[in-house]
Amino acid sequence: MSGKPRLTYLNGRGRMESIRWLLAAAGVEEELTGFPSPLLLDGSLLFQQVPLVEIDGMKMVQTRAIMSYIAGKYNLHGKDLKERALIDMYVEGISDLMQMILMFPFSPPDAKEKNLESIKDRATNRYFPVFEKVLKQHGQDFLVGNKFSWADVQLMEAILAVEEKVPAVLSGFPQLQVFKTKMSNMPTIKKFLQPGSPRKPPPDAHYVETVLKVFKK
Amino acid sequence: MAAGDCTAIAEILRNQARGTMSGKPKLHYFNGRGRMEPIRWLLAAAGVEFEESYLEKKEDLTKLRKDGSLLFQQVPMVEIDGMKLVQTRAILNYIATKYNLYGKDLKERALIDMYVEGLFDLNELLMMHVYLPADQQDQNFANMMDKAENRYFPVFEKVLKDHGKDFLVGNQLSKADVQLLEVILMVEEDKPDILAKFPLLQSFKARISNIPTIKKFLQPGSQRKPPTRPEEVPDVMKIFDP
């Protein structure tokens, strides 16, 4: 009963990675378990799905519900309703981009190039310009309310994830380059970016194979 | 007063009654359910009157984009309290909090969020159905019904059974109740007996439908939209196709 949140998922990024980022950014240590199949039969999974995060006596499922709880608990969700609305909008937009990255490894081989092009196009023409403009307009370090929030963590995760596929993606976005550097230097994030942290590597063929096997049906 | 003044004042009064300067939320979407319908439901349940501006052709979407009204170039968009909110969940969360449909504390919110997210997954299957190619529809239909009957509805039947209360969370109306009713009614449109094995969901449906604001929304003439018919799909696609 460590009191640490307990995460149950595959040993890879998938839908759990954003949760790992948020916990890490909040300075919260996680207790990691594997993926024991008996867990699936004991009623722990509300909709028979993972991610599962056991936290504060709850068995939480559904990525957004989990992240919203963590953000609320650790004061990363803005100071009032309007700031929360902004953070929610930004997070949801970035989440749409992350969804493309999540699905990419599962593209059929003949669709991979097209899907990569879509990711690059959306990042460069739809999502990154929005945040470049937000940062330019208020000139502050953080996206909302001059305070570190869930939106900043999500954007940082997305920037790094897209850069893994499109290395020069930030070349037209000077504000985002500065943002990336600042975020990288925040102590909790800096720690998460170092080897040995709970951060997972990019998905490889073995991960794809495992996902297809485990989630079959 | 000159006759002209009377006309001008009458016009202003008419405008106020109609709500053009009203401060009512204004919804931008096509004239159909899609991703805007849960928002219509929640506003209606909260007793909030709203206006709608319908996209009918591609140019309508293009204009909104050019105006800078759409943060990520997408609808739904809701003008509310001086903001142009986009992203369905962000909009729903704002409305739910503002009108006290989001539980009383963080833990109740967590439960509400879990329930709503599960229902959203089912709603996604329902919403996409009519837009799928004909040869995928049978399989999708079977999947929708299977998920409703075996994954989602049993959860809510059990929640209601375990606490014996009228509402899903915290013994008060929340966006989870509204979303559940919406989904129940949509699945029933395709399979009228879907609740046969779920007695508590049957009484939940009757009870929530009788809440005055929701009862009003369920009557003809409300802003609730009918299901999109297959013959309407091409016109909708024309608005949104790149």
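There are 2 cavities of 30 Å³ or more in this model. A cavity here is a set of points, on a 1 Å grid over the protein atoms alone, where a 1.4 Å probe fits but cannot get out, and lining residues have an atom within 4 Å of a point. Volume is the space filled by probe spheres set on the points, with grid points joined across faces, edges and corners.

The model is predicted, with local features needing pLDDT of at least 70 and side-chain atom pairs pLDDT 80 or more, while totals for chains, interfaces and linings use all residues. Residues are numbered from 1 along each chain, chains are lettered from A and ligands numbered from 1 in the order written, and side-chain values use heavy atoms, without hydrogens and water.

Now the largest cavity, with about 130 Å³ of space. Its lining has 15 residues, and closest to the centre are Arg64(A), Ser68(A), Glu92(A), Arg89(B) and Asn93(B). By class that lining holds 5 nonpolar, 3 polar and 7 charged residues; nonpolar means Ala, Val, Leu, Ile, Met, Phe, Trp, Tyr, Cys and Pro, charged means Asp, Glu, Lys and Arg, and the others, Gly among them, are polar.

What about the second largest cavity? About 50 Å³ of space lies there. Among its lining residues are Pro38(B), Trp41(B) and Phe120(B). The lining divides into 7 nonpolar, 1 polar and 2 charged residues. The helix α7(B) gives the most, with 4 residues; helices are DSSP runs of H or I, at least four residues, and strands are runs of E, at least two, numbered from the N terminus.

Terms used
On a 1 Å grid over the protein atoms alone, a cavity is a set of points where a 1.4 Å probe fits but cannot get out, and a pocket is an open set with protein on both sides within 12 Å along at least five of seven lines; lining residues have an atom within 4 Å of a point.
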